[in-house]
Amino acid sequence: MEKAITIKNLKYQYDQNQPLFDGLNLNIEQGQWVALVGHNGSGKSTLAKLILGLLVADEGEIAVLGQTLSEDSVDEIRGQIGMVFQNPDNQFVGATVADDVAFGLENLEVPSEAMSAKIQAALEVVGMEEFTDREPHHLSGGQKQRVALASVLALEPKIIILDEATAMLDPDGRQMVQATLKKLKQLYGSELTLITITHDMDEASLADRVVVVNDGQLVMDGQPNQVFAQGATLAKIGLELPFSMQLIQRLDPRPQNYMNQQELLAWLSPLNK
């Protein structure tokens with residue numbers, strides 16, 4: 001598969017006394033859903049800023065969809081990446097939901113006759129088409145994040161990065177956004193690469209791949225069940241196992257593979273005992 005993002009020997013430090021990345025290497029395949037996890041301050045968000053060219057690496061190379069990041073290419077690369085941030089209120093610029101989704105399209109000078117169709121299509125994907133004329137501040141947190149996601153989708157990026165996009169949401173809002181991400185994965189398949197930056201391991205369990213970063217170092221990289229099998233190591237760097245694994249360990253101390261919700265319900269069923 002083609003590489004969505006290639007990072008080679010990345011070095012970056014905030015200042016001379018605060019080094020972060022020292023030779024980081026990471027490849028993300030096109031079409032993958034990668035959860036980038038780590039405790040607060042581990043370097044997750046900084047890595048996203050480096051990929052977007054908002055920060056400049058001290059050494060190393062970053063390539064997006066085969067194009068090396070540089071002063072000459074940064075604008076084109078940013079056009080391939082959509083970003084959803086933690087606080088949805090900081091992302092709204094329009095008086096209505098439709099206005100907000102239209103903002104990026106207007107900046108790209110998309111013709112008005114094509115814009116309406118793009119707005120409608122993006123809102124339908126995230127399940128917010130009935131809120132077109134609603135004022136954003138009247139929406140719930142989960143609804144706001146889905147509108148923020150629609151604003152990104154309307155621009156048709158190849159990569160979407162969500163930086164702690166569910167951290168400020170209540171459980172219902174978090175579930176809404178996570179369900180939308182699963183829908184995006186089903187709809188777009190290999191055409192869209194998702195990177196979710198989080199310290200929520202239940203959210204990370206939905207991804208194809210989990211990359212664990214600790215103080216600028218890549219310490220684990222694998223499928224969710226492979227990473228969650230290393231619970232002791234995760235605990236040492238301040239990360240908890242997903243709730244399902246915690247429950248399984250309380251009920252049965254014998255080693256168990258990671259189970260998603262459906263598998264957990266089947267495991268708990270008396271019929272399987």
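Visitor: Which residue with a positive phi follows helix 3?
Guide: Start from helix 3, which covers residues 97–107 (helices here are DSSP runs of H or I with at least four residues, strands are E runs of at least two, both numbered from the N terminus). The residue to look for comes after that helix and has a phi near 60°. That residue is E109.

Visitor: What kind of model am I looking at?
Guide: Residues count from 1 along each chain as its sequence is written, and side-chain values use heavy atoms, with hydrogens and water left out. Local features need pLDDT of at least 70 and side-chain atom pairs pLDDT 80 or more, while totals for chains, interfaces and linings use all residues, as this is a predicted model.

Visitor: Which helices do the buried residues of helix 3 pack against?
Guide: Buried means under 20% relative accessible area, exposed over 50%, and partly exposed in between, with a 1.4 Å probe and protein chains only. Helix 3 has V97, A98, D100, V101, A102, G104 and L105 on its buried list. Their packing partners (contact is heavy atoms within 4.5 Å) are helix 4 (112–125) and helix 5 (141–153).

Visitor: Is E164 buried or exposed?
Guide: E164 sits in the loop between strand 7 and helix 6. Its phi is positive, near 50°, though it isn't a glycine. Relative accessibility is 8%, so E164 counts as buried.

Visitor: And what is the relative accessible area of L65?
Guide: L65 is another non-glycine residue with a positive phi, about 55°. You'll find L65 in the loop between strand 4 and strand 5. L65 counts as partly exposed because its relative accessible area is 28%.

Visitor: How many bridges join strand 1 to strand 2?
Guide: A hairpin links these two strands through 2 residues. Along the pair, Q13 stands opposite P19 in strand 2. The strands run antiparallel, and their bridges number 9.

Visitor: Which strands stand at the edges of the open sheet of 6 strands?
Guide: This sheet has mixed pairing and the order 6-7-8-3-9-10. Each edge strand has a single partner, so one side of each is left without a neighbour in the sheet: these are strand 6 (81–84) and strand 10 (217–222).

Visitor: Which residues in strand 8 and strand 9 are bridge partners of L36?
Guide: Strand 3 (residues 33–37) runs parallel to strand 8 (residues 193–198), with 5 bridges between them. Strand 3 is also parallel to strand 9 (residues 209–214), over 4 bridges. L36 pairs with residues in both: in strand 8 with I197, and in strand 9 with V211.

Visitor: How many of the 5 residues of strand 3 are buried?
Guide: W33, A35 and V37 are buried on one side, and V34 and L36 on the other, leaving both faces covered. Helix 6 (residues 171–188) lies across strand 3, strand 7 (159–163) and strand 8, at about 145° to strand 3. Strand 3 is largely enclosed by the rest of the structure, because its buried residues number 5 of the 5.

Visitor: What is the relative accessibility of L268?
Guide: L268 belongs to helix 11 (residues 261–268). L268 counts as partly exposed because its relative accessibility is 35%.

Note on methods: Pairing = 2+ DSSP bridges. Axes fitted to C-alpha atoms, helices over the stretch in contact; angles between N-to-C directions.
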